[in-house]
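Please read the sequence and the model together.

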Amino acid sequence: MKKRKGNHESNPKWQKLSEYIQVVIGSSIVAIAFNVFLLPNEVASGGVSGISTILKGLLGWEPAYVQWALNIPLFIAGLIFLGLQFGYKTLVGTIFLPFVVYLTRDWEPWTNNPLLGALFGGIGVGLGLGIVFRGKASTGGTDLAAQIITKFTGFTLGRSVAMIDGLIVLSAAIVFNVEKGLYALIGLYVTSKTIDLVQIGFGRSKMALIITNRKDEVREGILNKIDRGVTKLSAYGGYTDSERPILMCVVDQTEFTKLKQLVRSIDPTAFIVVTDASEVVGEGFNEA
């Protein structure tokens, strides 16, 4: 059953304000995680923050100033080479994140263990960036640099990001030591996984493809007993070349056992292929 959207959700002004709030909150989380976990343990896990960590250790430069000095020109370059696709929200993230880094620069480290710093710093940065991305913005920095490289070289965006972050991690290993470079890799990995978690959420659904000779009975059972929709896909058997329609159904993880038992009770010879559906948007699932 569809959920009715509230007044706030349907109000474009509220939606826009909500996105700006997410950018501010996400940028703040990234900045705090940087100051209490990554910087004191010299974990340079990619991005402009990683560059500022290296320059802090090498030359003693204030990280917030380094981040401003890199973020603002990169944002301007993005406008010149990539157009006005970033908007004001990305500008807010570009400026606000170093501002919070500056405000919290005197906070005491929450741990002096590099491994814990890499793990929890990666979680904090990933959480913050995930919130910023949900606000349909970014914090600029090397993401913009990667997009510029992609435009002029033909590299994929993922490859461009990996190249930049790889150079930063390698630099950390040279400036500090190999062990710190390895911690940086851990932080980078944890950040990427946390971003995925924030974007997709904890929920996991299952998509089942069902091949059965009793498709009408199975379809009716799924509709009436599990209360989930079913899609019938046209398919042909590779050996017999005869028509073998496939029933596709997406269920919540807690409903999968019930689905399997239902299909087996109707047709013990049914062939069922199950895959994880990391995100499902639509009626009965996530409406956003």
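In the largest nonpolar core, which has 20 residues, Val43, Val101 and Val125 touch the most other members. A nonpolar core is a set of buried Ala, Val, Leu, Ile, Met, Phe, Trp, Tyr and Cys residues joined through side-chain atoms within 4.5 Å; buried means under 20% relative accessible area, exposed over 50%, and partly exposed in between (1.4 Å probe, protein chains only). Two or more residues each come from helix 2 (12-38), helix 5 (87-103), helix 6 (114-134) and helix 9 (178-200). Helix 2 supplies the largest share, 7 residues. Helices (H or I, at least four residues) and strands (E, at least two) are DSSP runs, numbered from the N terminus.

This is a predicted model, in which local features need pLDDT of at least 70 and side-chain atom pairs count only at pLDDT 80 or more, while totals for chains, interfaces and linings use all residues. Residues are numbered from 1 along each chain as its sequence is written, and side-chain values use heavy atoms, with hydrogens and water left out.

Leaving aside residues up to four places away in sequence, Val125 touches Val30, Ala33, Leu38 and Thr191 (contact means heavy atoms within 4.5 Å). A second, separate core has 14 residues, among them Ile222, Ile226, Val251 and Ile266.

Over the whole chain there are 11 helices and 4 strands. Of its 288 residues, 41% are buried. Of the contacts between residues at least 6 apart in sequence, 73% join residues at least 24 apart.

Ile76 lies in helix 4. This residue counts as partly exposed because its relative accessibility is 45%.
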